[in-house]
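Hi everyone, thanks for making time this morning. Please have a look at the structure on the screen, and I'll walk you through a few spots.

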Amino acid sequence: MTGLIAPRAVDHRSLIIDHLWQEAGFTPNAAQRDAILHGDGPLYLPAGPGSGKTRVLLWRTLNLIVFQGVPPEKIFLSTFTEKAARQLKEGLRTLLGLASNFTGQPYDIAQMCVGTMHSLCQRLMTDRRFYNERQRRRSPVLLDDLGQYLYLYWRSRWDALTDEAGFNGDAAREINALFGGNSSSRHVAVTNVVSLFNRLSEECLTPDQIVVMADHPTLVALARMYAVYLNALRPSGKPAITDFALLQQEALEVRSKRNESQTACSIWGRETIV
């Protein structure tokens, strides 16, 4: 790739990385060291707050780029927020700059994907390689958690959704009762509906599948409401609207429709950092 110099493998890996740790003032414990040096196959590493997850993530990325010869554009480095993603990118640049002082090798991460899982999904959905004639799709309007709540809470939309779903009378109380409550609060009902819709999206369940599995009339009505919600997010002639859970589902569908997806999306393979 133009402008990117592929790093070559470096001998005496442990000795060199020890020098980098010493230079950076970092002394990993045994578990952190094992995680950083792991380079063959997937790695799942659970850790609590304040345990140094971000630092380990950065050092493991450095290990893959500098000592394993993994091109940066083959790596997806992910976190939860855009702010944290920017901090990851700056931290990685600092560490790779430190490595360059030892190896004399520049490391260009301009083509590396550093961001949230949702930003990766948006990139997939607008990538020309996944569409006929390589036409770029318009990026969907993304509803965050608050936007999704307000979208459903808006009185006229709430009434339209519950009416089309077949709710009779106090829809909020009926919905809340299904979730173990005894309230007619629309706020509580919307919160419950958002939670349910997101779970259905994450599990890739369609409204028809839910109706078949449902053993409660309110759940059947919510399945119909979910179908109306999905249709409402795709207004004709306008950019599609999506929430975080649906965005991941749609990105997976886009990727799975292309035979060459495994090649085009190698960031999902063993070299993925998550």
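Let's begin with helix 6 and helix 7, which are roughly perpendicular to each other. Please keep in mind that this is a predicted model. The angle between helix 6 and helix 7 is about 70 degrees, and their axes lie 5 Å apart; that falls in the 65 to 115 degree range, so we call the pair roughly perpendicular.

Which residues make this contact? From helix 6 we have Tyr-151, Leu-152 and Tyr-153, and they meet Arg-155, Arg-157, Trp-158 and Leu-161 of helix 7. By type, that contact has five nonpolar residues, two charged ones and no polar ones.

Now to the core. The largest nonpolar core has 30 residues, and those touching the most other members are Leu-152, Phe-167, Val-193, Phe-197, Met-225, Tyr-226 and Tyr-229. Helices 6, 7, 8, 9 and 11 each give two or more residues to this core, with helix 11 supplying the largest share, eight residues.

Take Phe-197 as an example: beyond its neighbours within four places in sequence, Phe-197 contacts Leu-152, Leu-222, Met-225, Tyr-226 and Tyr-229. Another core, of 29 residues, lies apart from that one, and includes Ala-35, Leu-58, Leu-96 and Val-114.

Last stop, a loop. Cys-204 sits between helix 9 (186-202) and helix 10 (207-213). Most residues other than glycine have a negative phi. Cys-204, though, has a positive phi, near 60 degrees.

Methods:
Residues are numbered from 1 along each chain as its sequence is written. This is a predicted model: local features need pLDDT of at least 70, side-chain atom pairs count only at pLDDT 80 or more; totals for chains, interfaces and linings use all residues. Side-chain values use heavy atoms; hydrogens and water are left out. Helices (H or I, at least four residues) and strands (E, at least two) are DSSP runs, numbered from the N terminus. A nonpolar core is a set of buried Ala, Val, Leu, Ile, Met, Phe, Trp, Tyr and Cys residues joined through side-chain atoms within 4.5 Å. Buried means under 20% relative accessible area, exposed over 50%, partly exposed in between (1.4 Å probe, protein chains only). Contact means heavy atoms within 4.5 Å. Axes are lines fitted to C-alpha atoms, for helices over the stretch in contact, and angles run from 0 to 180 degrees between N-to-C directions. Angles under 35 degrees count as roughly parallel, over 145 as roughly antiparallel, 65 to 115 as roughly perpendicular and the rest as oblique. Ala, Val, Leu, Ile, Met, Phe, Trp, Tyr, Cys and Pro count as nonpolar, Asp, Glu, Lys and Arg as charged, and the others, Gly among them, as polar.
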